[in-house]
Amino acid sequence: MNNLHQADTSSRSIAGGRLTVDLGALADNWRVLAQRAGGAETGAAVKGNAYGIGLEPAVVALAAAGCRTFFVALPAEGLRLRAALPEATIYVLNGLAEGSAHTLADKDLRPVLGSLAEIEEWAAYRAGGGRGLAALHVDTGMNRLGLTLDQAGALAQLPESARSLGLSLVMSHLACADTPDHPLNARQLGHFGAVAALFPDVPASLAHSAGIHLGSDYHFNLVRPGIALYGGAFMRDEAPLRTVITVETRIIQVRVVPEGETVGYGATQTTRRTSRIGILSTGYADGYLRAASSSDLRPGASVFVHGKSAPLFGRVSMDLMAIDLTDIPDAARGDFVELFGPNIAIDTVAASAGTIGYEFMTSLGDRYERHYVGGA
Ligand SMILES: *Cc1c(COP(=O)(O)O)cnc(C)c1O
């Protein structure tokens with residue numbers, strides 16, 4: 001990482017935090033997952049600004065690696081994606097907003113139809129001569145989006161329903177795939193197998209990242225990984241997934257705090273010795289969640305500096321946070337510390353905040369100086 005620090009000394013002198021996105025690692029992760037998926041096509045979930053890393057650079061790198069099918073949550077994300085990739089297949093997971101069929105179809109954005117109301121509206125659009133394509137979402141046990149099994153069965157009974165709706169995908173979503181032994185996985189798989197059989201001419205998709213890992217029974221025709229592409233901890237131990245996101249921030253000062261004093265808002269953590277406290281130029285306005293704070297009652301997250309891990313000290317505030325550098329005498333003003341990246345897993349930081357890596361990734365603020373490396 002040192003060459004990154006030295007690459008641009010002028011911007012280094014003003015940057016608070018810096019976010020480095022390794023697009024080569026993103027592409028490599030896609031290839032690893034594609035290999036895992038065997039004969040199934042491997043798409044990519046790029047909602048939430050590609051999990052925080054930046055939609056356009058992410059999709060260009062993924063397309064260069066061979067990815068053809070992308071999933072966004074919102075039409076606006078789909079429009080941005082379409083501008084970046086004119087040829088891509090794009091599904092809009094949150095479905096068909098009222099009155100939006102023509103707007104979506106004009107840009108070949110395919111709504112994932114997830115309720116009877118959406119189906120009826122889409123059917124009317126198609127009956128009026130609309131040629132746009134769509135996916136059908138069937139709920140198999142998550143109770144979030146999707147037709148019920150009975151509704152899907154009734155739809156399949158209608159003559160030519162898949163063709164008249166222009167269905168190019170039938171899909172469902174697993175609720176508990178990150179817990180491989182959870183009984184809901186097998187139940188959802190059974191239901192989805194039956195649904196896919198109702199629409200034999202339409203490609204089927206069930207698995208997100210964790211679902212790919214459940215085995216080839218879950219792969220069907222298309223898999224839809226998100227978090228694993230971005231180097232989320234999931235499968236890290238089993239597949240050689242690379243770190244995509246590195247966030248570093250600078251130490252803006254080092255203070256000596258006597259034993260028995262407190263640091264930061266709320267006076268929540270007390271020094272137990274004369275301490276060297278480093279003040280970092282990042283806070284919750286940058287998406288470093290305040291819930292990762294440390295106190296006398298519970299430890300918080302750690303950062304990585306000079307080859308060692310240093311614990312947070314006290315509360316994370318809006319633009320600042322403090323770390324204990326007492327045992328790292330080399331650390332000094334102007335040094336950059338790693339908040340997460342190759343040495344500090346984002347999921348570990350997230351766990352300190354009682355959440356998941358997904359939330360840290362999608363919370364990354366816009367104050368970081370962004371660097372993209374390893375692009376095609
Ligand atoms: C977000 C999402 C995915 C990707 O999930 P990951 O856990 O990030 O792999 C796939 N399918 C649907 C429907 C999603 O909402």
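Me: Are Arg163 and Glu160 buried or exposed?
Reply: Both Arg163 and Glu160 are exposed in this predicted model.

Me: What makes Arg163 and Glu160 a salt bridge?
Reply: Their side chains meet at 2.6 Å, N to O. The cut-off is 4 Å between a side-chain nitrogen of Lys or Arg and a carboxyl oxygen of Asp or Glu, so the pair counts.

Me: Why is Arg18 called buried?
Reply: Buried means under 20% relative accessible area. Arg18 has 1%, so the word applies. Glu369 is buried as well, because its value is 17%.

Me: What do Arg18 and Glu369 tie together?
Reply: They form a salt bridge at 4.0 Å, N to O. Arg18 sits in strand 1 and Glu369 in strand 17, so the bridge joins parts that are 351 residues apart in sequence.

Me: How do you know that the "binding site" positions Arg144 and Met318 do not all gather at one spot?
Reply: UniProt, in an unreviewed entry, places the feature at these two residues. They span 175 residues in sequence and their C-alpha atoms are 33.7 Å apart, so they do not gather at one spot. From this set, Arg144 belongs to the lining of the largest pocket.

Me: What makes Arg144 exposed?
Reply: Exposed means over 50%; Arg144 has a relative accessible area of 57%, so it qualifies.

Key: Residues are numbered from 1 along each chain as its sequence is written. This is a predicted model: local features need pLDDT of at least 70, side-chain atom pairs count only at pLDDT 80 or more; totals for chains, interfaces and linings use all residues. Side-chain values use heavy atoms; hydrogens and water are left out. UniProt positions are given in the numbering used here, feature names are shortened, and annotations may be inferred rather than shown by experiment. On a 1 Å grid over the protein atoms alone, a cavity is a set of points where a 1.4 Å probe fits but cannot get out, and a pocket is an open set with protein on both sides within 12 Å along at least five of seven lines; lining residues have an atom within 4 Å of a point. Buried means under 20% relative accessible area, exposed over 50%, partly exposed in between (1.4 Å probe, protein chains only). Helices (H or I, at least four residues) and strands (E, at least two) are DSSP runs, numbered from the N terminus.
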